[in-house]
Number of protein chains: 4
Amino acid sequence: MTRIDSIPSRRWRRLSWLLSHALTTAGVVAMVLGTSPDVDVRFDDILGNVILAVAAVLAAVFIVRLWGAAARRRPHQYLASSKGMVDLACAVALPLGWALVPDPHDARLFALVWTLRYISHANGLSLFWRVMVRSRIALLSIAGLFVVVTLTAATLAHVFERAAQPQAFGSIERTLWWAIATLTTTGYGDVVPTTIWGRLLAGWVMVGGIVMFALHAGIIATAFAEELQRRHFLRTWELVVSVPLFRDLGAAAVADIVRLLQSRDVEAGAVVMRKGDPGDTMYFIVSGEATVHIAPKPVVLGPGNFFGEMSLLFGGPRTATVVATKPSVLLVLDIADLHDLAGRRPEFVNLIETEARLRRDRNGGTADDDDGIRD
Amino acid sequence: MTRIDSIPSRRWRRLSWLLSHALTTAGVVAMVLGTSPDVDVRFDDILGNVILAVAAVLAAVFIVRLWGAAARRRPHQYLASSKGMVDLACAVALPLGWALVPDPHDARLFALVWTLRYISHANGLSLFWRVMVRSRIALLSIAGLFVVVTLTAATLAHVFERAAQPQAFGSIERTLWWAIATLTTTGYGDVVPTTIWGRLLAGWVMVGGIVMFALHAGIIATAFAEELQRRHFLRTWELVVSVPLFRDLGAAAVADIVRLLQSRDVEAGAVVMRKGDPGDTMYFIVSGEATVHIAPKPVVLGPGNFFGEMSLLFGGPRTATVVATKPSVLLVLDIADLHDLAGRRPEFVNLIETEARLRRDRNGGTADDDDGIRD
Amino acid sequence: MTRIDSIPSRRWRRLSWLLSHALTTAGVVAMVLGTSPDVDVRFDDILGNVILAVAAVLAAVFIVRLWGAAARRRPHQYLASSKGMVDLACAVALPLGWALVPDPHDARLFALVWTLRYISHANGLSLFWRVMVRSRIALLSIAGLFVVVTLTAATLAHVFERAAQPQAFGSIERTLWWAIATLTTTGYGDVVPTTIWGRLLAGWVMVGGIVMFALHAGIIATAFAEELQRRHFLRTWELVVSVPLFRDLGAAAVADIVRLLQSRDVEAGAVVMRKGDPGDTMYFIVSGEATVHIAPKPVVLGPGNFFGEMSLLFGGPRTATVVATKPSVLLVLDIADLHDLAGRRPEFVNLIETEARLRRDRNGGTADDDDGIRD
Amino acid sequence: MTRIDSIPSRRWRRLSWLLSHALTTAGVVAMVLGTSPDVDVRFDDILGNVILAVAAVLAAVFIVRLWGAAARRRPHQYLASSKGMVDLACAVALPLGWALVPDPHDARLFALVWTLRYISHANGLSLFWRVMVRSRIALLSIAGLFVVVTLTAATLAHVFERAAQPQAFGSIERTLWWAIATLTTTGYGDVVPTTIWGRLLAGWVMVGGIVMFALHAGIIATAFAEELQRRHFLRTWELVVSVPLFRDLGAAAVADIVRLLQSRDVEAGAVVMRKGDPGDTMYFIVSGEATVHIAPKPVVLGPGNFFGEMSLLFGGPRTATVVATKPSVLLVLDIADLHDLAGRRPEFVNLIETEARLRRDRNGGTADDDDGIRD
């Protein structure tokens, strides 16, 4: 159960991601333009055909995937997954429009459902979902408070303003429109209190809107920060434990280090670091291959090796250029975090120094720096 | 003094919560619609009767509860509690309206008080209250700053704009309306400076509004995050210490683990995990019962047992389906948090492994995974 | 250099604080109303006299304080302090207005300076100042970004809209008005783009405004949270080290505990806890005196004693009522934080148990609970 | 590779920073005023000449720098750096305008490019860049959600309102204008729904806007806080390890202390602390020189020395005035943080006490306090 994909499969997925989004965007743009009186007359047929084509492709995608799932004897699982449900909705949207709405131009509006594809393929949706579920109690409390404040503001504004502006403030129902536009600080200005009491009330409602806003931001920000940290930890942890060097450190040190590492994908041929540049990061190779271009002959590093540590440990600019010779996954450690680790995990820095010395002895002087160690 | 409620009492409370809120909502909606000139004529009697009925029920609720409290010889305690005060206010609201306001339609507006029930029954109110009290010094400082900035903006705008717009900016009193709508970034646009100096001032006021907003958000978000963390800690702590497994770990480890666990209620018959699914959580049973459907014969787990640990410890999908056979309260531990714990509390993972091995030996191969351990 | 004030001096300061603010408010309200055409005619003399009276008092306050500082031979120190500068500004404001402005009604507007008193007497001002100074680099970076984005938006809007709306978008100077109202999401709506490109630009500017807003909020919130935590730590630290019980714990434990304690002032006669109530806090007496009303005879506790620990350690409701018999300063420890401490600082809970046992033996059964300990 | 600059070079850089910004500002202001119909007629030649002059200086700056880089044989490096790219863009902007745009007044608008200089010279740009890159996944997810919500809101509003307001809501294309102004809570108010369904939708969109806003703020605030902390750590770490006193403490303690120190530059002759003032900070000298004015004869302190510790350790006001006799870089430790450190790092406080005693013995009674130690 490894999630460390090879680079070629990643590139392919990126392409299919782009194609899928281009398709969705084409369909949605055609739907939007199709409603415009300026564009409609001349391009109506083209737009209609684009929408039809996208609908056909989306229906085909759904059928192929369902077929594939049925072949693996789990069509139910596919249909119950969020991906399957979005595929189904996209395939069904336009036919449903034709069935329900007599005007074919209005039926096209059902293509709006396709925008679900923008959020279903990212893991954004599940992220938001978890954040909402985790902070549901606080958010519900705020929603209750919001309802009470809105209704109170609307009732009071109705009482204060109904004599002066019977049209806009004549019923609480209508006053709610003003209350919500004010409490969210949107402030359209189409309905505005004019009496002194109405304005005093409006002042309080605006300030209340800011505070409500701040409460929302506070709750969601807190939950979001936690969730993001959790995700980053998980993803990096899998990469870190696949590097033997880290495994020797013990679980406590690994948990510590995982928080500080960032993963980075590089293509074959990419220059990871260049001789003479200031150096403030070091790299661990998870998969792939990198070549260090140094004096006697270039050194090839593979999974589990690291480079760039000399600039961090002893200061000074990079003393060698490092090029990825295969598509590689790297873990990046920042100089600030290395200093931090040096305090809490001195064994980690020792390990890196020892490894660097061993490697140099084996190769007769390598890594990205000779002089730093010889002194 | 245990707060770990059994599931049936929870279900009952949820029903009564729904009924209570439906009642309040019916009354408030009738009140709102009753002010509308479009609806009023035809349904006025119905709406009036709905309001009367809700008022009667709320009065009855108050009397019954006061009676009950008196029977337990503590009517004062009930009346002094926030619940009692809300009940009293709801019971008294409409009669007070009739007494104070001659027009019976206007008297109905007092039904607004009933919305207090939306926030009194949740613990949202006390949460907000604590947040406000904790950050009162900072909030008061901002309120002071807000008053000073608003008054300064209003005075300067009065000076700059009174010649150009004597109606809107003729007195500071009126200019305050513009100042507050601008400082809260509501921006109705009904009153807008037109001179160059007035506009320069308005630009600063808008930016000042954003900063003030940010200060609010910062203070409240900080206080909120702390308070929520504290509440979660308390609620989970009570559940955790009721599981013998955790009690053996010592107070320090318990405090550590409590932060990472989430409680979850499941109904009888609910499938907690399904064979073949990817596994990223494990479960501890606080109360209730769960059945693990594995090869020789199903295994029944009770309070203090746990399941789902194999997918976390050794990777791979779920190897058994687990169904709750009674309504249960579970504690959920996430894979990210288990990795984290493994570093800081290795004894915890050892304990889980040992327990799992013991249980398997007793049952002749159980938990949710045979193979994982035999290898 | 102790900052632990006795309660009477606090009460006196609170009264003088109220009087000072009432005075300022009276003056400022008179100034605001004095500009109103509705009020002016009838009450003009009264308002003028109120302003004069407040100005006289403020001038007198400044002279008395300067005199007092001169008597202690440090008038320069007083004039250089923020308090002295505000006093001077308030005393000089109105005379300066009379000297500079010919119209006496306009001269009154200088009374706006008095609002500085709202923020000078709280420590709010220094708090904001520190927050701004600490995050000055980030805030300046944002200010730079804000200027660049505003200018770019204004220039582009000028290019896109000048043909359609020469009045509002004819020069960048005028377009800036639209740009800033949009970027701060104020949205007056008095100037609105109408061309397709102008609207596309406006959409980006609005979204940019939200992001800029979020950056502000993020920076300030972070700096604020740190600063508040720092202040709370300092204030509580002084109280904690004045309690002998805590001093015995060693500096590391004290630093830990300080974070969790809240200080609270109670008046003489206040009921701190009531028999039968649920108990989720315990109290340490810093100064003052409290009486525990228990069976044989009430027990009097003084500085350094604590009470309410039984409900926390063993659960159950309060078993005694505790009344403050002198104005007291208490430190409050929450049940959530005690559980947390029990993990990290077991010696602290042992200390409390030992102390409670000792005290009971001395008094022949006291604290707030007999039974809890005898078992 | 030390970044601890001497004060004179700092002063020079500050001057050149001011000059550079004054130049940019002059050019940009001339460009803005040049578009104004009120100003144009009289000052057009002057404004044109200012713009020409600034363009000439900026072109010269670019050529000189390119020349210098070529002399050091790295012109490519300069052109590839962000600084070089901004210099190039500024030098090329106006000529490009003349080449592309026929109207010379419009060509001047290209001077807008010069505003890039506001953000290129600060490290603000790289800060924002890192924040955006770090939180790119979350921000992209929100962007997707934003697109979906905006399109959905626009389509529904189009359906609800097209009959009532064919001009503003006749096509989704036009409705998008309303949707985005509402979702960002800008609320121009030029297009407003009037039907009951349109208003209900608008209410949800406004609330959705607040939540989206809060999500943005949450993500960016979290990423920002982390990045700022990282930068502060790095900058202070370099200063701290250059002080011998700290180096003796070991890496773990240094990492701890770095978080709590603030760096401060003082000019020669500046009074760092004054006798009789309350003391809540102590200072470490990184570079420069400070003189302690105490009784027998003043004591001169150099790099590695510290002062002001007595007020922190024993309370009481400052007992001596300290003046910087050379431009100095100081590290400031706050009283709150010292208390905190005393718990976690008692060896640090011991070190300071020992050092202070040694220094006093050597000088025959010095530091900023004699009495405190003699007792």
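This note covers two chain contacts in a predicted model.

1. Ground rules. Local features need pLDDT of at least 70, side-chain atom pairs count only at pLDDT 80 or more, and totals for chains, interfaces and linings use all residues. Residues are numbered from 1 along each chain as its sequence is written, chains are lettered from A and ligands numbered from 1 in written order, and side-chain values use heavy atoms, without hydrogens and water.

2. Chains A and B. Chain A brings 53 residues to the contact and chain B brings 46 (contact: heavy atoms within 4.5 Å). About 4,300 Å² is buried between them (accessible area, 1.4 Å probe, lost on putting two parts together, summed over both). Carbon and sulfur atoms give 72% of that area. On the chain A side, Arg199(A), Met206(A) and Ile210(A) supply 13% of what chain A buries against chain B, more than any other three residues.

3. Charge pairing. The rule finds 1 salt bridge across the interface of chain A and chain B (side-chain nitrogen of Lys or Arg within 4 Å of a carboxyl oxygen of Asp or Glu). Arg162(A) forms a salt bridge with Asp106(B), with the closest N and O atoms 2.7 Å apart.

4. Chains B and C. Helix α11 of chain B (residues 196-240) packs on helix α10 of chain C (residues 172-183) (helices: DSSP runs of H or I, at least four residues, numbered from the N terminus). The angle is about 25° and the axes are 10 Å apart (axes: lines fitted to C-alpha atoms over the stretch in contact; angles: 0 to 180 degrees between N-to-C directions). So α11(B) is roughly parallel to α10(C) (under 35 degrees). Residues in this contact include Met206(B) and Trp177(C).

Note on methods: Helix = DSSP H or I, 4+ residues; strand = E, 2+ residues; numbered from the N terminus. Parallel < 35°, antiparallel > 145°, perpendicular 65-115°, else oblique.
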